[in-house]
Amino acid sequence: MQPEPLYMQQALDLAARAVGLSEPNPRVGCVIVSADGRQVLGAGHTQRAGEAHAEVMALRDAAARGLSVEGATAWVTLEPCSHHGRTGPCCDALIAARIGKVVAAVADPNPQVAGQGLARLRAAGIEVATGPLARESRELNIGFFSRMVRGTPWLRMKVAASLDGKTALENGVSQWITSEAARADGHAWRARAGAVLTGIGTVLEDDPRLDVRHEDTPRQPFVVIVDSRLETPPSARILMDGRPTLVYAATPDGARQAALERRGATVIQLPGPGGKVDLAAMLRDLGQRGVNELHVEAGHKLNGSLLREGLVDELLVYLAPKLVGLGQGMANVGPLTELAQATALDFLSCERVGPDLRLLARVRGRDPF
């Protein structure tokens, strides 16, 4: 017989399999265990949007094995939903299966649920508990929590730099500062995002694809371009593979907009001060479009704007064992007049990736809700 928290860890491991699959829905895992705690009867994780959620997958798994779940305990990483979306309420499926107890890691922040799923389970006579691995479940679904609580995606800024913090030489050359291993690892982080964002400067200078190529993924994140004056060339590689593409602009230009729309892009006018795109409004719009995690790969100007406006939640930084000297920095946030004005960060992890270091740092105060 396993110690009970291990069943929630199993459910969390299953939930991780939904990364890149379940968006915009949360990544959820469920393990159904016999009443005596000795046997796993069924297990599953959330599928694509519009398909079965974790609880239903676990019930189907048990049924496929010919096992009854009556009186069993369901360990689930997020409160079972109670509303009708593209699928029916998971709490109703558990009630109909005559589950005896539900242990949820954390309550669902979705206002359409927000404790109602647990309440309906209790009303049906099912024992309910919460708490095990709550922090881990929130972290796995940090983008979903961000969108439900703040209305905006969790913004993760990826930077590849030399050890002295330079992302490009003084002449603009930047390929490749970090190793192939670091670039492949970066694709894994792209794959978990709902959208990848860049700026017009990067589009014009590097003509990137910004797709996921070094990682198996069930879907590609869509593309977001910050392009105040609609300067994105219709021939840009980022537009060539048919992915949904949003171009946020600040200055109308009918001819340029029509050319981009012929390439399949959607142009959204969100003018802000100084003829620039209103970045805060852009994040709200992306939240309304169901983006949970926003992966930013941009230049020092757009990076600086996002940091100055307090829109960055987390930095994913790859540091190469090189010293470049003069060159472009990670973000143009200055000039500052005192150190107290600097963006304070908390390091979450530091790991070797090939010859490089990968740092994950969170902007201080950007808690996981």
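Reader: What share of the contacts with a separation of 6 or more comes from residues 24 or more positions apart?

Author: Contact means heavy atoms within 4.5 Å. In the protein chain, residues 24 or more positions apart account for 72% of the contacts with a separation of 6 or more. Bear in mind that this is a predicted model, in which local features need pLDDT of at least 70 and side-chain atom pairs count only at pLDDT 80 or more, while totals for chains, interfaces and linings use all residues. Residues are numbered from 1 along each chain as its sequence is written, and side-chain values use heavy atoms, with hydrogens and water left out.

Reader: How many helices and strands does the protein chain have?

Author: Helices (H or I, at least four residues) and strands (E, at least two) are DSSP runs, numbered from the N terminus. Here there are 11 helices and 16 strands. The radius of gyration, taken over C-alpha atoms, is compared with a globule rule of 2.2 Å times the number of residues to the power 0.38. For 369 residues that rule gives 21 Å, and the chain's value of 23 Å is close to it, so the chain is as compact as a globular protein of that length.

Reader: In what order do the five strands of the open sheet stand?

Author: Two strands pair if DSSP finds at least two bridges between them. The order is 2-1-3-4-5, with mixed pairing. Strand 2 (40-45) and strand 5 (127-130) are at the edges with a single partner strand each, so one side of each has no neighbour in the sheet. For angles, axes are lines fitted to C-alpha atoms, for helices over the stretch in contact, and angles run from 0 to 180 degrees between N-to-C directions. Direction ignored, neighbouring strands of this sheet are turned by 15° against each other on average.

Reader: Which helix lies across strand 1, strand 2, strand 3 and strand 4?

Author: That is helix 1 (residues 5-16), running at about 145° to strand 1 (29-33). Helix 4 (residues 116-123) also packs on the sheet, where it touches strand 4 and strand 5 and makes about 150° with the direction of strand 5.

Reader: Which residues touch the most other members of the largest nonpolar core?

Author: In soluble globular proteins, nonpolar side chains tend to be buried together. Buried means under 20% relative accessible area, exposed over 50%, and partly exposed in between (1.4 Å probe, protein chains only). A nonpolar core is a set of buried Ala, Val, Leu, Ile, Met, Phe, Trp, Tyr and Cys residues joined through side-chain atoms within 4.5 Å. In the largest one, of 34 residues, they are Tyr248, Met282, Leu286, Leu294 and Leu306. Helix 10 (residues 279-288) gives the largest share, five residues. Leaving aside neighbours within four places in sequence, Met282 is in contact with Leu197, Val224, Val226, Tyr248 and Leu270. Another core lies apart from it, with 27 residues including Val69 and Phe144.

Reader: Is Asp285 buried or exposed?

Author: Asp285, in helix 10, is buried, because its relative accessible area is 17%. Beyond its neighbours within four places in sequence, Asp285 is in contact with Tyr248 and Ile268.

Reader: Which residues of strand 12 are buried on each side?

Author: In strand 12 (residues 293-296), Glu293 and His295 are buried on one side, and Leu294 and Val296 on the other. Strand 6 (residues 154-162) pairs with strand 12 in the parallel sense over four bridges, and Arg156 has His295 as its bridge partner. Strand 8 (residues 195-199) runs parallel to strand 12 and is joined to it by three bridges; there Leu197 is the bridge partner of Val296.
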